[in-house]
Amino acid sequence: MQLPQSLMGHANIETTMDIYAEVTDAKKQEAIENLAYKLDVF
């Protein structure tokens, strides 16, 4: 995570992790919903 932290100019890693963790969680949810739709699970 140091590379994204450096590229984004964040002073500390917590800022970078907060931003990327939210994106990751959103993408996980999107992937689950897409899979469920394609499998007609829900």
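Q5 is in contact (heavy atoms within 4.5 Å) with H10, A11, N12, I13 and T16, leaving aside its neighbours within four places in sequence. This is a predicted model, in which local features need pLDDT of at least 70 and side-chain atom pairs count only at pLDDT 80 or more, while totals for chains, interfaces and linings use all residues. Residues are numbered from 1 along each chain as its sequence is written, and side-chain values use heavy atoms, with hydrogens and water left out.

**Fold and dimensions**
- The chain has two helices and zero strands, both assigned as DSSP runs numbered from the N terminus (helices: H or I, at least four residues; strands: E, at least two).
- The C-alpha trace spans about 45 × 15 × 10 Å along its principal axes.

**Burial**
- Of the 42 residues of the chain, 10% count as buried, where buried means under 20% relative accessible area, exposed over 50%, and partly exposed in between (1.4 Å probe, protein chains only).
- Q5, in helix α1, counts as buried because its relative accessibility is 16%.
- V23, in helix α2, is partly exposed because its relative accessible area is 44%.

**Surface**
- The chain exposes about 3,800 Å², of which carbon and sulfur atoms supply 59%; accessible areas come from the Shrake-Rupley method with a 1.4 Å probe, and for residues only the protein chains shown count as cover.
- M1, L3, L7, M8, M17, I19, Y20 and V23 form a nonpolar surface patch with about 790 Å² of accessible area together.
- The elements giving two or more residues to this nonpolar patch are α1 (2-8) and α2 (13-39), and α2 provides the largest share, four residues.
- Patches are made of residues with over 30% relative accessible area and no salt bridge, with nonpolar side chains (Val, Leu, Ile, Met, Phe, Trp, Tyr) joined within 5 Å and like charges within 9 Å; a salt bridge is a side-chain nitrogen of Lys or Arg within 4 Å of a carboxyl oxygen of Asp or Glu.
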